[in-house]
Amino acid sequence: MTISKNKSVIIIGINFSPELTGIGKYTGEMVEWLTENNFLCTMVTAFPYYPYWQTQKPYKNRFFSRETLKNGKLNIYRCPLYVPKRPSGLKRLIHEFSFFVSAFVMVIYLLFKPKKDYIFCIAPPFHLGFLGLIYRFFKGGKIIYHIQDLQIEAARDLQIIKSDKAFKALFAMERLIMKKVDYVSTISTGMLKKISKKTVKDILFFPNWVDTTAYCPLYDNAEMKILWGFHEDDKIVLYSGSIGEKQGLESILTVAKHLESSTFIKFVICGTGPYKEKLIAKAKEQKLDNVHFLPLQQPDQFNNFLNMADIHLVLQKKSASDLVMPSKLTTILAVGGLALITAEPGTNLFEIVNDNKMGVVIASENLNSLENAILKFCTSDNSILKLNGRKYAENYLNKDSILNKLFNKLENRTPVDIDEKRPLEYLELK
């Protein structure tokens, strides 16, 4: 893609590199792509804390800081914020509000710098859209309000907040943001349908992606199992990602207890998050020798690590259906992994995986189904499902194609080398 000279972007988002998972991963990769395509980028973000819920070294989180990278094409302004060790509903509100306040100070500072052509506001937190509106009022530019999670609905359905008056005010604020911005975008058609009920604007489809070169199948995973301390004949059932309340990871412990007699099945929970210590304590209490906890793996080892698994768990509670789209799924498909997904019939995730025969979908919060599926697919040939997943990733999860398509739309250009029909068929997944 050829970008007009000196195009510039400001991105406002609480999560960013070097965070390895979640929204920060995708925002970081988007900014890397932008700088490689001759954009001048300004990132307003926090000090990295996710998913550990503590500021990561060598960052201090004491005052504002600036980093200049990519031969001057990227300026990162980091803003201090409150980071709770055990995030509850109230603490999350304080956490996000503290970032809003410090990012507001930074946006005011940036009003005295050259204007930007595009203003990306990454939600959640949903109210960062107001910072984009303030910046545009004084400097101009086009605002893209990009929704990675439907945060308010998730907080309501997961009962993180329980006040009806609070939700009425939050939804009103969100509607105002959507009314005033230039573009609204989101990552899945399931979320797109929900957002379309809130605004009359056309919503841009801007899915997450995966690097299919860095993440690829290694067809003999026995060596990988030995490397991480398992027997080559073990069957590894892996959950890798944030360990929080929306995943419902207690179900892994229950199923592991029921499958103790199948000693060749090993459950691995990899990652960090506010509920990890609680899960470890429960596993010890139940004396679950078939459950292993590992820290987040480094990027240079992550492809090998994912290839170790025979089954990849993508778990969601019923209340989170179509409110959040599990970002880990793209990487699982890229490594040719077998994804075992909990999703409700009729949801976007359920339909696209089944239609493309690239994984296994079972009902959310149904422990019998989860147990039976794990036992079945640990003792069967799943090569067709795995090949279908890898093929899908190669065809439709390519970062260049996705970002090119978005910026062609923003620049009012006609895409030249993108298949307009098939990506939309695929992109119902992400």
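Predicted model: local features only at pLDDT ≥ 70, side-chain atom pairs only at ≥ 80, totals over all residues.

Colleague: Rings to begin with. How many aromatic pairs does a search of the whole structure find?

Modeller: The search turns up 18 aromatic pairs. One of them is Tyr-49 with Trp-53, a tilted pair. Their centres are 5.2 Å apart, with 55° between the planes.

Colleague: Is Tyr-49 buried or exposed? And Trp-53, buried or exposed?

Modeller: Tyr-49 is buried, at 3% relative accessible area. Trp-53 is buried as well, with a relative accessibility of 5%. The cut-off for buried is under 20%.

Colleague: What about the rings of Tyr-118 and Phe-407?

Modeller: Those two are edge-to-face, because their planes stand at 80° and over 60 counts as edge-to-face. The ring centres are 5.9 Å apart.

Colleague: Where do Tyr-118 and Phe-407 lie?

Modeller: Tyr-118 is in strand β5, residues 118-123, and Phe-407 is in helix α15, residues 399-410. The pair therefore ties together parts that are 289 residues apart in sequence. Both residues are buried.

Colleague: Which residues do ring pairs link into a cluster?

Modeller: The cluster takes in Trp-33, Phe-39, Tyr-118, Phe-120 and Phe-407.

Colleague: What sits over the ring of Tyr-26?

Modeller: The charged end of Lys-25 does. The distance to the ring centre is 4.4 Å.

Colleague: Switching to helices. What do you quote for a packed pair?

Modeller: Two packed helices are described by the angle between their axes and the distance between those axes. Take helix α3, residues 129-139, and helix α5, residues 164-180. Their angle is about 40° and their axes are 10 Å apart. That makes α3 oblique to α5. The crossing is left-handed.

Colleague: Which residues of α3 and α5 meet?

Modeller: From α3, Gly-129, Phe-130, Leu-133 and Arg-136. From α5, Met-173, Leu-176, Ile-177 and Lys-180.

Colleague: And how do α2 and α3 pack?

Modeller: At an angle of about 15°, with the axes 10 Å apart. Angles under 35 degrees count as roughly parallel, so α2 and α3 are roughly parallel to each other. Their crossing is right-handed. Phe-100, Ala-103, Phe-104, Val-107 and Leu-110 in α2 meet Phe-130, Leu-131, Ile-134 and Tyr-135 in α3.

Colleague: Which residues of α3 are buried?

Modeller: Gly-129, Phe-130, Leu-131, Gly-132, Leu-133 and Tyr-135. These buried residues pack against β1 (8-12), α2 (89-110), β5, β6 (142-147) and α5.

Colleague: What follows α3?

Modeller: Gly-140 does, and its phi is positive, near 85°.

Colleague: Now Ala-155. Where does it lie?

Modeller: In helix α4, residues 151-157. Ala-155 counts as buried, at 11% relative accessibility. Leaving aside neighbours within four places in sequence, Ala-155 is in contact with Ile-160, Ile-161 and Phe-167.

Colleague: How far apart are Ala-155 and Gly-89 in space?

Modeller: C-alpha to C-alpha, 8.1 Å. In sequence, Ala-155 and Gly-89 are 66 residues apart.

Colleague: What is the peptide bond from Tyr-50 to Pro-51, cis or trans?

Modeller: Cis, with omega near 5°. Pro-51 is in the loop between β2 (40-46) and β3 (65-69). A cis bond also joins Ala-123 and Pro-124, with omega about 10°. Pro-124 falls in the loop between β5 and α3.

Colleague: Back to Trp-53. What is its phi?

Modeller: Positive, about 60°, although Trp-53 is not a glycine. Trp-53 lies in the loop between β2 and β3.

Colleague: And the phi of Lys-287?

Modeller: Also positive, about 55°, and again this is not a glycine. Lys-287 is in the loop between α9 (276-285) and β11 (291-294).

Colleague: Is Lys-287 buried or exposed?

Modeller: Exposed, because its relative accessibility is 66% and exposed means over 50%.

Technical notes:
Residues numbered from 1 in each chain as written. Heavy atoms only, no water. Phe/Tyr/Trp six-rings, centres within 6.5 Å; stacked < 30°, edge-to-face > 60°. Buried < 20%, exposed > 50% of the residue type's maximum accessible area, 1.4 Å probe, protein only. Helix = DSSP H or I, 4+ residues; strand = E, 2+ residues; numbered from the N terminus. Lys NZ or Arg CZ within 6 Å of the ring centre and 35° of its normal. Axes fitted to C-alpha atoms, helices over the stretch in contact; angles between N-to-C directions. Parallel < 35°, antiparallel > 145°, perpendicular 65-115°, else oblique. Left-handed = near helix turned anticlockwise from the far one by under 90°. Contact = heavy atoms within 4.5 Å.
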